[in-house]
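Here is my notebook from an afternoon of looking things up in one model. Follow along with the structure open beside you.

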Amino acid sequence: MDFVTGNIGWIEVICGPMFSGKSEELIRRLRRAMIARKRVQVFKPAIDTRYSATEIVSHGDIRMKSEVVSGAGEILKKMDWRTQVIGVDEANFMGPELIDVANQLADSGKQVLISGLDTDYMGRPFSPVPELLALAESITKTLAICMRCGNPAKHTQRLVESNDLIVVGAAGMYEARCRRCFEPGIPRQELLEFARPILKRPGAGT
Ligand code: ADP
Ligand code: ZN
């Protein structure tokens, strides 16, 4: 659902695991707002410059120009007050101040479209997205495809060893997993696709 038609402020959140199409959906909605001749600004956190410093980029390589901010507070500084629609990608890297910033913008009549991970590598709610869900007018949960079994996947499985909450990465470091296949934290090495040839090399014994 999208409802970029009215003239009051609101918050729309798109959440789900990595690879579930959050960025694609955010870009689709922002394009529609542009077609409706709304003034649009798009922001992404400085921490995430994996594919581009000046664009938000989906895993399917769909792109849209964006401005980089070090945290949510900077959105207010970089905002042109004529802007009507504000897009925020990777909300989970924006910090807790995004909650106040999004509310403030919506209260002042802006349409705020936010995309982000709702759970972390342990499967826990990933702040500030859960708080934003509670405050939003519209919520969309996107699911990916489980890389183990093909079922709908709501989890982001970390494939590399680290206990840090934030390890920025994409394919190879994370994959989508369903509830049944998800292993909080780091999975057992023998279950990893890329580890198999190393662990079970022909002639390496059992
Ligand atoms: P997100 O922002 O949620 O990480 P993106 O919008 O960047 O997702 O990417 C979605 C695209 O990723 C899909 O359209 C598809 O081309 C690709 N993709 C790669 N792996 C998967 C997966 N396991 N499940 C679904 N889509 C995947
Ligand atoms: Zn599965």
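**Entry 1**

E2 and strand E5 (residues 67–69) pair in the parallel sense over three bridges. For my own reference, helices (H or I, at least four residues) and strands (E, at least two) are DSSP runs, numbered from the N terminus. Two strands pair if DSSP finds at least two bridges between them.

Before going further I noted that this is a predicted model, where local features need pLDDT of at least 70, side-chain atom pairs count only at pLDDT 80 or more, and totals for chains, interfaces and linings use all residues. Residues are numbered from 1 along each chain as its sequence is written, chains are lettered from A and ligands numbered from 1 in the order in which they are written, and side-chain values use heavy atoms, with hydrogens and water left out.

Phe-43 also stands opposite Val-88 in E6. The pairing of E2 with strand E6 (residues 85–88) is parallel too, over four bridges.

How many residues of strand E2 are buried? I found six of the six (residues 40–45), so E2 is largely enclosed by the rest of the structure. Here buried means under 20% relative accessible area, exposed over 50%, and partly exposed in between (1.4 Å probe, protein chains only). Val-40, Val-42 and Lys-44 point one way from E2, while Gln-41, Phe-43 and Pro-45 point the other way.

**Entry 2**

Which strands pair with E1? One is E7, in the parallel sense over seven bridges, and Gly-16 stands opposite Leu-117 there. Another is strand E8 (residues 138–141), also parallel, over four bridges. In E8, Ser-138 is the bridge partner of Glu-12.

I then picked out Ile-14, which lies in strand E1 (residues 10–16). Ile-14 has a relative accessible area of 1%, so it counts as buried.

Ile-86 is buried because its relative accessible area is 0%.

**Entry 1: the zinc ion**

What holds the zinc ion (ligand 2)? I found Cys-146, Cys-149, Cys-178 and Cys-181, each through SG, at 2.2 to 2.4 Å. Donors are N, O and S atoms within 2.8 Å of the metal (3.2 Å for Na, K and Ca); water is not among the atoms, so sites may look incomplete.

The four donor atoms subtend angles of 102 to 118°, which makes the arrangement tetrahedral. Four donors count as tetrahedral if all angles lie between 85 and 135 degrees. Along the chain, the donors follow the spacing C-x2-C-x28-C-x2-C. Cys-149, in the loop between strand E9 (144–145) and strand E10 (152–153), and Cys-178, in the loop between strand E12 (174–177) and helix H5 (196–199), link distant parts of the chain, 29 residues apart.

Is Cys-178 buried or exposed? Cys-178 is buried, at 5% relative accessibility, whereas Cys-149 is partly exposed at 34%. Cys-146 is buried, at 3%.

I checked for disulfides as well, meaning pairs of cysteine sulfur atoms within 2.5 Å. The count came to zero.

Most residues other than glycine have a negative phi, and most peptide bonds are trans.

Arg-37 has a positive phi, near 60°. Arg-37 lies in the loop between helix H1 (22–35) and E2, and at 77% relative accessibility it counts as exposed.

Asp-61 has a positive phi of about 65°. I located Asp-61 in the loop between strand E3 (55–57) and strand E4 (63–65), where it is partly exposed at 48%.

The peptide bond from Ser-127 to Pro-128 is cis, with omega near 10°. Pro-128 sits in the loop between strand E7 (111–117) and helix H4 (129–135).

Definitions and conventions
Four donors count as tetrahedral if all angles lie between 85 and 135 degrees; four count as square planar and six as octahedral if opposite donors are over 155 degrees apart and all others between 65 and 115; anything else is irregular.
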